[in-house]
Amino acid sequence: MLTAVVGINWGDEGKGRMVDLLSEGYDIICRYQGGNNAGHTVINDKGKFILNLLPSGILRDSAVNVMGAGMVIDLEHLMGELEGLAAQGVEITPENLKISDKAFICMPYHRAQDILEEERLGDKKYGSTRRGIAPVYGDKYMKKGLRMGDLLHRDTIEEKLREIVEWKNITLKGYDSVAEISDVMAWIEQYSDKLAPYITNVTEFLLTSANDGKKIMFEAQLGALRDIDFGIYPYTTSSQTLAAYAPIGAGIPGKKLDYVMGVIKAYSSCVGEGPFTAELFGEEAEALRAAGREYGAATGRPRRVGGFDIPASRYGIQMQGANELALTKLDVLSYFNEIPVCAAYEVDGKRVCDFPSGDELLKAKPVYEYLPGFKADISKCRSMEELPPAALDYIRYIEKVVDCPIKYVSVGAERNDYLVMNL
Ligand code: GDP
Ligand code: MG
């Protein structure tokens with residue numbers, strides 16, 4: 001059984017908490033793309049965790065967690081995350097964490113380059129997390145990357161690095177920050193012995209497990225609208241956030257997914273720059289941001305917020321091929337007298353329901369409609385029968401307009417704050 005849990009929107013839909021919840025009974029949880037630009041919040045009986053690199057199944061004692069080939073890994077950040085979890089009493093061993101030898105290493109010079117580029121862009125910045133993600137993926141495709149497996153070959157790593165750093169410094173000409181090979185080597189050596197036991201050919205492990213009928217869950221970072229190819233380019237991330245990529249990014253490209261769970265938020269939020277048609281401003285935005293505590297888990301940045309965006313969500317669901325949805329943070333809407341929903345866009349004076357491609361999107365204006373608010377605390381509801389009728393109507397409305405069944409509704413941040421819908 002191969003399942004992907006993916007984001008339908010701009011990210012921060014609550015994938016981490018859904019993976020933590022749904023991973024019960026799964027043998028393997030696997031991140032398949034992205035790096036420590038992810039911020040997945042998990043709150044359960046072990047405590048509160050914000051995971052950047054580690055899969056959100058790391059808190060399940062019985063599961064093996066895998067960091068797949070499609071990931072980019074900042075060694076320093078990973079060590080910090082492992083130490084942080086150890087301090088919170090979570091034991092991580094090479095038996096329950098396996099890191100792909102094919103994942104790329106995100107270097108200090110990638111971080112530096114990311115910051116330099118955002119600063120050069122000034123007002124036109126992309127809203128990068130400044131953690132080196134675009135530069136490291138760029139280098140991957142330029143074939144100038146070092147991979148986790150290289151850490152296991154001490155005899156050849158320095159030579160490889162020398163070639164790469166020489167090239168990198170050519171591209172950094174004009175900036176006063178160049179990478180010194182000795183500094184980079186010293187940085188690598190600080191972490192390589194500690195991380196080496198976790199690095200392995202995860203493909204063998206995943207293939208054998210899949211063939212033995214084990215249950216494997218793939219965890220995405222960000223959402224469909226941030227996919228490098230099908231998202232709002234260039235305000236995307238630099239990797240593939242779509243479910244179809246999960247078996248590839250994990251390390252078993254020949255296997256097919258059995259089930260895709262799309263995580264979708266009851267309203268919209270967006271970290272970073274770029275078109276965000278449903279965006280609310282002023283007091284309306286402040287109220288929603290405060291109610292939803294919309295501040296980035298990885299960066300602390302205030303998130304842009306808006307009503308549920310139907311054209312964008314329909315598109316996200318199509319791109320993800322979601323079989324079912326988990327609607328998160330419904331409790332946040334309880335303060336509204338009327339719930340704002342971006343029902344369509346207006347482009348050149350015409351109402352459109354399909355998500356516009358390319359620069360068409362820049363012209364889109366939101367068409368807002370309002371649904372009755374439920375004005376009640378639903379955070380203790382544990383079955384759909386306990387929901388106020390207006391909350392149930394909102395769920396059914398979303399289900400109908402996006403044309404995908406909602407299986408789970410979450411009403412709070414903790415593991416058990418959810419209810420299951422009768423489909
Ligand atoms: P991810 O990146 O998709 O894993 O999502 P984040 O962790 O970045 O953002 C989701 C935020 O909403 C976190 O702070 C969660 O603790 C919180 N959260 C998740 N589900 C719910 C919910 O149903 N209700 C409320 N109020 N908060 C939630
Ligand atoms: Mg997040």
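Me: In which loop is P234 found?

Reply: In this predicted model, P234 is found in the loop between β10 (216-223) and α8 (246-250).

Me: What makes the peptide bond that joins Y233 and P234 cis or trans?

Reply: Omega is about 5° for the bond that joins Y233 and P234, and the bond is cis.

Me: What makes R17 a polar contact of ligand 1?

Reply: A polar side-chain atom of R17 lies 3.3 Å from a nitrogen atom of ligand 1, and because a pair of N or O atoms counts within 3.5 Å, the pair qualifies as a polar contact. K329 also qualifies, since one of its polar side-chain atoms lies 2.9 Å from an oxygen atom of the ligand. For V411 the atom is a backbone N or O, placed 3.5 Å from an oxygen atom of ligand 1.

Me: Which elements give two or more residues to the shell around ligand 1, and which one gives the most?

Reply: They are α1 (15-22) and β3 (40-44), and α1 gives the most, with three residues. Of the 18 residues around the ligand, K15, G16, T41, D331 and S410 come nearest.

Me: How many residues of each class has the shell around ligand 1?

Reply: The shell has four nonpolar, seven polar and seven charged residues.

Me: What makes α3 and α4 a contacting pair, and which residues meet?

Reply: Contact requires heavy atoms within 4.5 Å, and on that basis Y109, H110, Q113 and D114 of α3 meet I133, P135, V136 and D139 of α4. The axes of α3 (residues 108-121) and α4 (residues 133-141) come within 7 Å and cross at roughly 120°, in a right-handed crossing.

Me: At what angle do α10 and α11 pack, and what is the handedness of their crossing?

Reply: Helix α10 (residues 310-320) and helix α11 (residues 389-402) pack at about 65° with their axes 9 Å apart, and their crossing is right-handed. I310, S313, R314 and I317 of α10 make the contact with Y397, V401 and V402 of α11. Its class count is five nonpolar, one polar and one charged; because Arg counts as charged and Ser falls among the polar residues, R314 is the charged residue and S313 the polar one.

Conventions: Residues are numbered from 1 along each chain as its sequence is written. Chains are lettered from A and ligands numbered from 1 in the order in which they are written. This is a predicted model: local features need pLDDT of at least 70, side-chain atom pairs count only at pLDDT 80 or more; totals for chains, interfaces and linings use all residues. Side-chain values use heavy atoms; hydrogens and water are left out. Axes are lines fitted to C-alpha atoms, for helices over the stretch in contact, and angles run from 0 to 180 degrees between N-to-C directions. Helices (H or I, at least four residues) and strands (E, at least two) are DSSP runs, numbered from the N terminus. A crossing is left-handed if the near helix is turned anticlockwise from the far one by less than a right angle, and right-handed if clockwise. A residue is near a molecule or strand if one of its heavy atoms lies within 4 Å of it. A polar contact is a pair of N or O atoms within 3.5 Å; within protein, one must be able to donate a hydrogen and the other to accept it, and residues adjacent in sequence count only if both atoms are side-chain atoms.
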